[in-house]
Amino acid sequence: MIQREKASKKGEPKLKKILFLITILFFLSCSLKESKPEKILDDWKMLLEEVRDDSIRINEVKSEIRNQASELSQSETDPEKLFVAFSGFQLLENHQDSLRAEKIKNTIIEKFPESEQTYNLANSEFYDKVYPIWRNDSLKIEVISELLLKYPKTNWRRTMYLYLLYSLQNEEKINDLKNVLSEFRNAFPDDYLPYVRSASYLFKNKTDSTLALELARKGFSISFDYPTLDYFPPMEWDLEKRAASVNSAAILTEILVGFEEYSEAKEILLNIIDNNQLGIDDETTLGQCYYLLAKSYEGLQEIEKAKDSAINAIISGDSRNVYTSKSDTLFREFMNLQQTDKNEVISIIRNRINYEDVEFTDVSEEYGLKDISAGRIAWGDFDNDGFQDMLLNGNRLFRNDNGRYFTEVTKQVFPDTIRANGGLWGDFNNDGNLDIVTKEPESIWLNFNGIFKKATGENSLKDNEVSTEGIGIGDVNNDGFIDIYFANYEKNYVYETDQFFVGIGNGKFQELTEKSGLIPKDGKNRAGRGVNFGDFDNDSNLDIFVSNYRLTENFLWKNDGTGVFTNEARNLGVSGIEIDNWWGHTIGSEWGDFDNDGDFDLITANLAHPRYIDFSNKTMLYENLGDPNWKFKDIRRSAGIRFEETHSEPAWGDLNNDGFLDLYINCVYEGRRSFLYMNNGDKTFREITFLAGVRHFNGWGVAFADLDNDGDLDILAAGGKIQLFRNETPNPGNWLEVKVVSKDHVDGIGTRLTLSNEKINLIREIQGGKGTTNQHSLVQHFGLGNWKIPFELEVRFPSGKVKNIKINKLNRLIEFRE
């Protein structure tokens, strides 16, 4: 009996293996007979994923996929089945299978040159070959020319031609450029783009201006109505089509201005400015058209109209800051302001158009911050003198000298050299001073009365030796000690595991990532970018939102009250929108109650390249729908927040003291401008960036603080050279600022403040960082417009203790101790 049981148990693994194989064979055979080709490929991928960690079963699955791919490869009259066979052999990652895949690929290209499958193959091969040589125009010319010969009929050639022309221009191969332009026009004779690109290059190079004008006219006329190309991604195509007539008009009128045909240029531009299809989902602006209109008016000697058109061009901006800069130069010439400070120029423009809204002045140089570069910023009063000091990149500290100047004190306060690429303020040893947590390397720097020393020894933070992008801090288990979440990124496109450290006192920590439930259920890492602690469901527990990059979904870790979390992002609608297993490139995000309904809404800044727009999420403004389900709804479009390709870091704050949170969004990459959206109080926003005086380029971090204690929020924008914008808005509304001192960690991080009267209800929460390791001032600011006293202020401390106070006097800072 015992021997029989042993034999039976010994045979169990073999039996399970046989059953598994039978199941797989049945599943795949049914899939092959009954499913559409694309479903077969999805099934293969799913099965490979399920057995990826089982070396025996994965070989069995691969063998069956190989058999089925072989069967499909016999369908030489069906490009769809051939493409699935090609993809199947690619999945197997074997040299012989790769050779078979390449053979099938060549069959598809040869027999079905205009098919969707060939289009997709050309797309994939193009980027596979061009990305590694992206900055080498000479090699790109060679590679793309070969691809055009290999794919002689696919519509993907349209994109190939654009990149080839760009590289030929950079290499100054003008004759080759002219030949390729002719090829491009012949390949796509009904498309506006070959004509306007030809016109632009020919005019720019002064090779044949007459032909350039002829081609520009033809391209412009076609741009209003041209055929859709097969297989082109529909959203990307529509994005270009809405901008086609605007961009074509700009090219045509630039040439007309060159020919001194100012009247014709003016009429075309006025018509296109009044009649175009640009909207909330377009980053193309009318900036170039307004600039050329200014040039046209100049040629017609209508200088006042030229000035106004130049102003409109500057206000509109453009995505590479080309025509904005030209328009600024032109306006200065009109006004004889060539040597005038930019702040004064903005003031002159404000007066000319009777601007009445929020106003800022760039005081970077005045405050000793000229030509200082940083990507991440954190405000905090490290020396307890009542003024907000500035931490840049976690490794440079600037003392605020009474709101009038910043003095770098890094060497004085860090006896040991501090290395970091970002940092936040927090009282990590509960001694009443603000300490610093840094990333890259991960460390705690304890503040001993203005001198910082690195915490070392047992249970101190150690460098995790991975790329950490975001830090968030807060007391998630209400034990009186600050905890830390590190959003970790990637290495060689392999995503890193996020980390969570629970504070145990004296600047020491214990890693409890897995025990706290902060590992995705599917076991897959995401490309972490940013962290935001916040109590989104008003249950008095800090939850954690994590921004993830590389088209992966975001996390919303809901706290059960004990510091154990469940990811509710998908259930509550903030993971992003899934399209073919892709999500978004989320960078920075932030909680904020922009509609004053008593719960935190969420902005997630997404980088979204137009070429991926069909499956890449745009920036999302999530309205919290509140109790009982606490779900979120994206209202970006109705709110008036325009699509921009390179949104990076958002920031909420009431910049005009009207009682509603306004929104600043930085954009990354050279020439990319930031945006300031003022809250209209009805869930819509107005964009006034240039006139407000806060346009920043190539931005990353951004955070607010009242640097001079005058009752309004100032802006520090980072990314490249930092810019400090001092708020000088005339006649702002009433205000109240509150400094919270909690009994454990003095920073008050996690404290919820509610300020209310019969007409309004405003909430704030002291944040432990935001976005990609940036931090607002810990002092909480309330704009109160013209609302009258008294107000009730409720303060709920991290410990759970609640205090209430009646506010009978405004326009002051109060300190509130637990």
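**Salt bridges, buried sites and backbone features of the model**

A salt bridge joins the side chains of Glu-644 and Arg-672, with N and O 3.1 Å apart. The term denotes a side-chain nitrogen of Lys or Arg within 4 Å of a carboxyl oxygen of Asp or Glu. The pair links distant parts of the chain, 28 residues apart. Glu-644 sits in the loop between α20 (636-639) and β24. Arg-672 sits in the loop between β25 (662-667) and β26 (675-679). Helices (H or I, at least four residues) and strands (E, at least two) are DSSP runs, numbered from the N terminus. Both Glu-644 and Arg-672 are buried. Buried means under 20% relative accessible area, exposed means over 50%, and partly exposed lies in between (1.4 Å probe, protein chains only).

The structure is a predicted model, in which local features need pLDDT of at least 70 and side-chain atom pairs count only at pLDDT 80 or more, while totals for chains, interfaces and linings use all residues. Residues are numbered from 1 along each chain as its sequence is written, and side-chain values use heavy atoms, with hydrogens and water left out.

A search of the whole structure gives 50 salt bridges. One of the regions with such bridges involves Arg-526. Arg-526 pairs with Glu-553 in a salt bridge of 2.8 Å, N to O. This pair also links distant parts of the chain, 27 residues apart. Arg-526 belongs to the loop between β15 (508-511) and β16 (527-534). Glu-553 belongs to the loop between β17 (543-549) and β18 (555-559). Both Arg-526 and Glu-553 are buried. For Arg-526, the relative accessibility is 9%, so the residue counts as buried. Arg-526 also forms a salt bridge with Asp-522, where the closest N and O atoms are 2.9 Å apart. Asp-522 is partly exposed, because its relative accessible area is 37%.

A negative surface patch is formed by Glu-38, Asp-42, Glu-80, Glu-116, Glu-578 and Asp-580. Patches consist of residues with over 30% relative accessible area and no salt bridge; like charges are joined within 9 Å, and nonpolar side chains (Val, Leu, Ile, Met, Phe, Trp, Tyr) within 5 Å. Asp and Glu count as negative, Lys and Arg as positive; His and the chain ends are not counted. Asp-580 lies in the loop between α19 (569-572) and β20 (585-592). Its relative accessibility is 62%, so Asp-580 counts as exposed.

Several buried residues lie within helices or strands. His-647 is part of strand β24 (residues 647-653). His-647 counts as buried because its relative accessibility is 0%. Its side chain makes a polar contact of 2.6 Å with the side chain of Thr-619. A polar contact is a pair of N or O atoms within 3.5 Å; within protein, one must be able to donate a hydrogen and the other to accept it, and residues adjacent in sequence count only if both atoms are side-chain atoms.

Leu-72 is located in helix α3 (residues 55-72). At 7% relative accessibility, Leu-72 counts as buried. Leu-72 and Lys-454 are 382 residues apart in sequence, and their C-alpha atoms are 63 Å apart in space. Ser-296 is located in helix α14 (residues 287-299). With a relative accessible area of 0%, Ser-296 is buried.

The peptide bond from Glu-440 to Pro-441 is cis, with omega near 5 degrees. Pro-441 occurs in the loop between β7 (435-438) and β8 (443-448). A cis peptide bond also joins Ile-789 and Pro-790, with omega about 5 degrees. Pro-790 occurs in the loop between β34 (780-785) and β35 (791-796).

For Glu-260, phi is near 60 degrees. Glu-260 lies in the loop between α12 (234-258) and α13 (262-274). Its relative accessible area is 56%, so Glu-260 is exposed. For Ser-540, phi is near 70 degrees. Ser-540 lies in the loop between β16 and β17. Ser-540 is partly exposed, with a relative accessible area of 38%.

Technical notes:
Areas by Shrake-Rupley, 256 points an atom, 1.4 Å probe, with all protein chains shown as cover. Charge placed at Lys NZ, Arg CZ, Asp CG, Glu CD.
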